[in-house]
Amino acid sequence: MAGLGNQAMNKPASGKHGNVLPLWGNEKTMNLNPMILTNVLSSPYFKVQLYELKTYHEVVDEIYFKVTHVEPWEKGSRKTAGQTGMCGGVRGVGTGGIVSTAFCLLYKLFTLKLTRKQLMGLITHTDSPYIRALGFMYIRYTQPPADLIDWYDGFMDDEEELDVKAGGGCVMTVGEMLRSFLTKLEWFSTLFPRIPVPVQKSIDQQMKSRPRKVPQKEPQEEEEAFEESGRQGERRRSRSPRRTPSPRRSPKRSRSRSHHRERDRHGPSYDRELERERERQRKERDARERDRERRRSRSAERNHQERRERRRSRSGSRDKRSERKDKERDGGDDRNKRKERDHHRERPAERDRSRERKSDDRRHKDERERHRDERKAKKLSRSRSRERRHKSAGDDKSRKRDSSHGREKERDGEQRSHKRSRSRERSHHQREASTDHSKHADRRRSPSVE
């Protein structure tokens, strides 16, 4: 961390105007993976606990106490085994998991709309490397790609270490993490925003032009490492018998001669150590064999007990089934006997009920027949009365017709007699007129004759 403040102060401010940071890409999603963003927004930690944090310093304190890695998902919550292609977990369209505290706090920082001064405070923070890591990740997600190399330039050789993997096991320095941000698109099971090809080419050229510094250990650390290696070597030598390096022998040389020479050279202490080592190895072999036999016997006993328990359970289930069948059979017989007894008891009552039903049926039948006869009698009386009315009405009509016919006959007779009388009068008048005419004509004829 030495010289960190000077590195940060010398960082150029290209692409920035004053204290306001530009936002590149989507201003609502922070260019996050849709699956991660959905899990962040639906996380109870983000909706309840982080909602109460209103200031930049409160969020920084939360990062200090809660963040232990910078992976997007918590350990063991993301099942991507067997998924390939678009569902392989990297592109975020497969099954989700429990989103990490780091990414919830990263999006919380985005909602605060950090200024340039606040972002500089994050990446130069001295309390925790995870505060700095979230600051650098904020830059990678929100700043224009052309400005990334300017932001990261002063921290490429930073040797502060942090464990970035959930559950531990992936320790890297801040400089290595920044190089990964610039050269790789994937970050565990998510993707960073894409960098345009020309900008990526220039970043790659600048990365190749500046060699990576090899971290040099201080003299005190080197001495401690040397002492540790010496102690480990002594421990290894104490476990095996001490032997002095011997010159390489020819394969044709007699083994017994070399053995006797070495025996004479090392003396009786070497033989004792060699015997002790062989005895130790033999005891270890015997112990291993005993453990193996014990495991076998235990497994055999366990299998025997399991088979016995299985047989017992089967026999017990068979006994239970047979008992159930016997009970059902006995119960069925008892039920049949009870039914027969009840049937015999209820037979007189059934007879009485049948007699009552028959008598009721007869009574109902008689009533129905009586009602039928009454209806028939009523119908006959109605029809007779109707016939009488029709007859009386017909007689009245015939009387009226006869009387009217008689009157008409009388009128016709009167008219005929009147006509006759008139015709008689007319014929009488005509005869009288004809006689008068003949008399007048005779009178005229008579003077002319004279």
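The report that follows describes helices, their packing and a few individual residues.

**Basis and overall make-up**

This is a predicted model, in which local features need pLDDT of at least 70 and side-chain atom pairs count only at pLDDT 80 or more, while totals for chains, interfaces and linings use all residues. Residues are numbered from 1 along each chain as its sequence is written, and side-chain values use heavy atoms, with hydrogens and water left out.

The protein chain has 13 helices and four strands, where helices (H or I, at least four residues) and strands (E, at least two) are DSSP runs numbered from the N terminus. Of its 450 residues, 25% count as buried; buried means under 20% relative accessible area, exposed means over 50%, and partly exposed lies in between (1.4 Å probe, protein chains only). Among contacts between residues at least 6 apart in sequence, 70% join residues at least 24 apart, a contact being heavy atoms within 4.5 Å.

**The largest nonpolar core and helix 7**

A nonpolar core is a set of buried Ala, Val, Leu, Ile, Met, Phe, Trp, Tyr and Cys residues joined through side-chain atoms within 4.5 Å. The largest one has 60 residues, of which Phe 136, Met 137, Tyr 152, Met 177 and Phe 181 touch the most other members. Helix 7 (residues 129–142) gives the most to this core, with nine residues.

Leaving aside neighbours within four places in sequence, Met 137 is in contact with Val 70, Phe 103, Leu 106, Phe 181, Trp 187 and Phe 192. Tyr 138 also lies in helix 7 and counts as buried because its relative accessibility is 1%. With neighbours within four places again left out, the contacts of Tyr 138 are Leu 23, Leu 106, Leu 109, Phe 110, Leu 114, Leu 119 and Gln 143. The C-alpha atoms of Tyr 138 and Ile 123, 15 residues apart along the chain, are separated by 9.8 Å.

**Two helix pairs**

The table sets out the packing of two pairs, with axes taken as lines fitted to C-alpha atoms, for helices over the stretch in contact, and angles running from 0 to 180 degrees between N-to-C directions.

| Helix pair | Angle | Axis separation |
|---|---|---|
| Helix 7 and helix 9 (residues 174–183) | about 15° | 11 Å |
| Helix 4 (residues 56–66) and helix 5 | about 170° | 11 Å |

Angles under 35 degrees count as roughly parallel, over 145 as roughly antiparallel, 65 to 115 as roughly perpendicular and the rest as oblique. Helix 7 and helix 9 are therefore roughly parallel to each other, whereas helix 4 and helix 5 are roughly antiparallel.

In the pair of helix 4 and helix 5, which pack at about 170°, the contact is made by Val 59, Glu 62, Ile 63 and Lys 66 of helix 4 and by Thr 101, Leu 105, Lys 108 and Leu 109 of helix 5. The residues of the contact of helix 4 with helix 5 divide into four nonpolar, one polar and three charged.

Glu 62 of helix 4 is buried, because its relative accessible area is 16%. Apart from neighbours within four places in sequence, Glu 62 is in contact with Tyr 45, Leu 50, Leu 53, Val 67 and Leu 105.

Helix 5 is mostly covered, with nine of its 11 residues buried, among them Phe 103, Leu 105, Leu 106 and Lys 108. The buried residues of helix 5 pack against helix 2, helix 3 (44–49), helix 4, helix 6 and helix 7.

Just after helix 5, Lys 113 takes a positive phi of about 55°, and this residue is found in the loop between helix 5 (101–111) and helix 6 (116–123). Lys 113 counts as partly exposed because its relative accessibility is 44%.

Notes:
Ala, Val, Leu, Ile, Met, Phe, Trp, Tyr, Cys and Pro count as nonpolar, Asp, Glu, Lys and Arg as charged, and the others, Gly among them, as polar.
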